[in-house]
Amino acid sequence: MHIELTRDQTFIDCLSEKLTTNQPMADWHEFQRTYNMAQALLVPESHTLKVSEQIKHVNFLPHQLETAQTVLDDMNGRAILADEVGLGKTIEAGLILKEYILRGLVKKALIIVPASLVNQWASELHEKFFIRTTIARKKPIWSNEDIMITSIDLAKREPHRQEILAQHYDLLLIDEAHKLKNHQTKNYQFVQALSKKYCLLLTATPIQNKLTDVFNLVTLLRPGLLGNQRTFLKTFDRGSKELDAELKRLVQKVMVRNLRSETSLDWTKRHVQTVPISFTEQEYQFYHDLEQSCLQDFNTTKTLYLREFCSSREALYTSLIKEQSNQSKQLVQQLEGLPHHAKALKLVELIKTINEKCIVFTEYRATQVYLQWLLKEHGISSVPFRGGFKRGKKDWMKQLFKDHAQVLIATEAGGEGINLQFCHHLINYDLPWNPMRVEQRIGRIHRYGQQQDVHIYNFAIEQTIEDHVLKLLYQKIHLFERIIGQLDHILAKLDVDSIEDEINTIIGGSRSIGEIKIKMNNLAAVIDYMQQDQEEISEHDNRESS
Amino acid sequence: MTIENLHDFLIEYFTANHCTVAEDEDGLNIQLTAEMDERLLNRPFYWQYVKKLNQQGQPMHLKVTTDYLKASRERSYIYFGTEYFRKISEDVLAKGKYTKLYQNINVQQQTPLYPWLVANIKITLQGKTKQEVIKSIGLNLINGTMVDKAQQWLADEQWQTTIPDYCYLITPLISFKHGFLRIEQYLLDQLQNQQHEWAELSYQALEEECRLLDYFFEHDSEQDQEQYEKERANIKAIYQPSILLTVINGGVFYLR
């Protein structure tokens, strides 16, 4: 065993120099003060956090401190932080970063976050941990700054890419790391090639769909822990219970995942309710026509059209006009004759009854614009929120919503990272078909710091695909109550890539509504069955371990 | 932690640095000197211009508190972990690094004072864990006697920066340089005789990680050698056990 030794080579020479040239030196008090200061800055024994001794103005939650401790002691600073949305991953990451800084183990760090969250990260690290960061803007000098916050799009662009790759980082932090699940993407390869000592990957959705996603994330942290690509799939893609347990054990070496249900916090409740809506006769007629039309052979496109029409006329219109067929022209004409969308009118009514701040989520930008206009017609103030907004504009919109407007209308991209605890009504104007995205939406308001119960309203138009999907996802498999991680696992086992694709396949491959319903019921039944099975296993595990 | 009361520490620190400090119920109100302004506040341009124009400069009045709830836009929060504290700590560490002091004694006849070299040395044991300890060693530069916990021992006496009346200094027989090497050797011998479980555990972890890495790259020809070297360096940065000696401060003490 080899232990490197570094001695202090300069001290005695400096002292001798000062003694021979009779330079003024410290008096006793200064000398004693220096000694005391050095004692105060000393790295404590392991199993204690310096940061909790030195940061007193923030009340850290028990699970956050435990997570930081685990990452430091057991994972040696290379970990996936995978708490459910709203449990404070940013705080955990901040704790770890600050602890390393206080211990003198990290000086230079790179923090890669979605562009929309750059400001939020900087202010949170500063306010809670007094960590000074530099935001990479026009001409960042990567070699100069100790702690830099950047978006991946900026970082991977030349000339930045080359410069960043030439640096040695003591710590690399990546938020929304599930975007790195594919090892063939430029982003993944860039992160892999970075020279980094410690590495934190943050994601609320670590195992989105596939087994290989897990492999890729873990491999970024500890190459070889799960073997290599080929041996990994050979070993673990069998789906036996022993192998699953083995995989879980390995993954737990690099991943911390706190669930709401496990934290001892007093969470406010979620009240979920479905708001059924009927189209007018005229609208149903159009929906039916749209369903029957053979616009394109692409079945998924057709599904898309149907979904769009369930959202707003405007959403469908923007898609239809791109198609140059006679049939589409005819549909557009019909579309123009339709009255205000039944769902939108329902929204106005609901917002008026709620009479408090609400967030409305929609999948379509055209719907967003339409809704804003319609709300204004009814004297309701609203602000839009989109992923494409510049950083400053996002912060501004959030502030406008907080201080002046009743409603925030957000499209999907606005779903990540913004914290809106001051609001406790959320309306899913149209539902994403990916369960994770629903969870991320809700996480905007149902997170730590929310004082009141939150109300979630799911809109669905009866007798449409929307209705079928809602029933499948949210009633049959009780998505809102169950742990999402389990669902992912089940999907992986079923060899289903994503629920969204699966539903599209079902709808595309079916000739009648009846067929769609039957197939969806079958899917729901299988998932439900496996979920119960899973719960039994985990109960069994718990009993064994206790 | 040896700074038990930060509030009192700050009063002492600023006063010792010639600032006027007034206390009120919200915290401390400090009139900085030009030197402390330049050191603690972040306004290099101001001081650059002042100097260029050969002016006096107007040092700032600083309001601080160690109570977060009393902090405001006008009153800065200072606590361990804040930027202010970091700057203060750097300043403190630098100012008390070297010393030459004489025992404060009141004698009427000629009295010899003997030279001692004292060094407070931080030992850092770093691997997958990090531990630090400060050793305070004093060495008699005449007869080679060595004492542990020298700082506490010195603290029992009074010290001054000039030679007291009627006292004369004995010239060291051991040079400063050699004295320092003896102190260092003493600490290294101590380290040599200890069990270093931390290092063994780190080393095991290092080898284990390298094995995984080898396995990963052996079976994966797509990955290139450069990447392998990089990952290896990353692993080594985390796990390689090392010992680091850093002198916190030290100097020569003349005592009876």
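Q: How many salt bridges does the structure hold over all chains?
A: There are 30 of them over all chains. A salt bridge here is a side-chain nitrogen of Lys or Arg within 4 Å of a carboxyl oxygen of Asp or Glu. Keep in mind that this is a predicted model, where local features need pLDDT of at least 70, side-chain atom pairs count only at pLDDT 80 or more, and totals for chains, interfaces and linings use all residues. Side-chain values use heavy atoms, with hydrogens and water left out, residues are numbered from 1 along each chain as its sequence is written, and chains are lettered from A and ligands numbered from 1 in the order in which they are written.

Q: OK, show me one. What does A:Arg132 form a salt bridge with?
A: With B:Glu83, and the closest N and O atoms are 3.8 Å apart. A:Arg132 sits in the loop between α6 (118-129) and β4 (134-135) of chain A, while B:Glu83 is in helix α4 (residues 83-95) of chain B, so this pair joins two chains. Helices (H or I, at least four residues) and strands (E, at least two) are DSSP runs, numbered from the N terminus.

Q: What about A:Asp153, which residue does it form a salt bridge with?
A: A:Lys156, again with the closest N and O atoms 3.8 Å apart. A:Asp153 counts as partly exposed at 46% relative accessibility, and A:Lys156 is partly exposed too, at 29%.

Q: Where do A:Arg222 and B:Glu209 lie?
A: A:Arg222 is in the loop between α10 (211-221) and α11 (229-236) of chain A, and B:Glu209 is in helix α7 (residues 197-218) of chain B, so that pair joins two chains. Their side chains meet in a salt bridge at 2.4 Å, N to O. A:Arg222 is buried, with a relative accessible area of 11%, and B:Glu209 counts as buried at 7%.

Q: Which residues do salt bridges that share partners join into one network?
A: A:Arg132, B:Glu83, B:Arg86 and B:Glu90.

Q: Let's zoom out to the interface. How many residues of chain B are in contact with chain A?
A: 83 residues of chain B, and they touch 68 residues of chain A. Contact means heavy atoms within 4.5 Å.

Q: How much area do the two chains bury between them?
A: About 7100 Å², with 63% of it on carbon and sulfur atoms. Buried area is the accessible area (1.4 Å probe) that two parts lose on being put together, summed over both. In chain B, the residues that lose the most area to chain A are B:Tyr98, B:Lys130 and B:Phe216, together 10% of what that side buries.

Q: How many salt bridges does the rule find across that interface?
A: The rule gives 6 between chain B and chain A. Strand β11 (residues 242-255) of chain B supplies the largest share of the side that touches chain A, 12 residues.

Q: Which strand of chain A does β11(B) pair with?
A: Strand β1 (residues 4-6) of chain A, in the parallel sense over 3 bridges. Two strands pair if DSSP finds at least two bridges between them.

Q: New topic: where does B:Met36 lie?
A: In helix α2 (residues 34-40) of chain B. B:Met36 counts as buried because its relative accessibility is 0%. Leaving aside neighbours within four places in sequence, B:Met36 has contacts including B:Tyr13, B:Phe14 and B:Asp91. The C-alpha atoms of B:Met36 and B:Asp91 are separated by 9.4 Å, and the two are 55 residues apart along the chain.

How values were computed:
Buried < 20%, exposed > 50% of the residue type's maximum accessible area, 1.4 Å probe, protein only.
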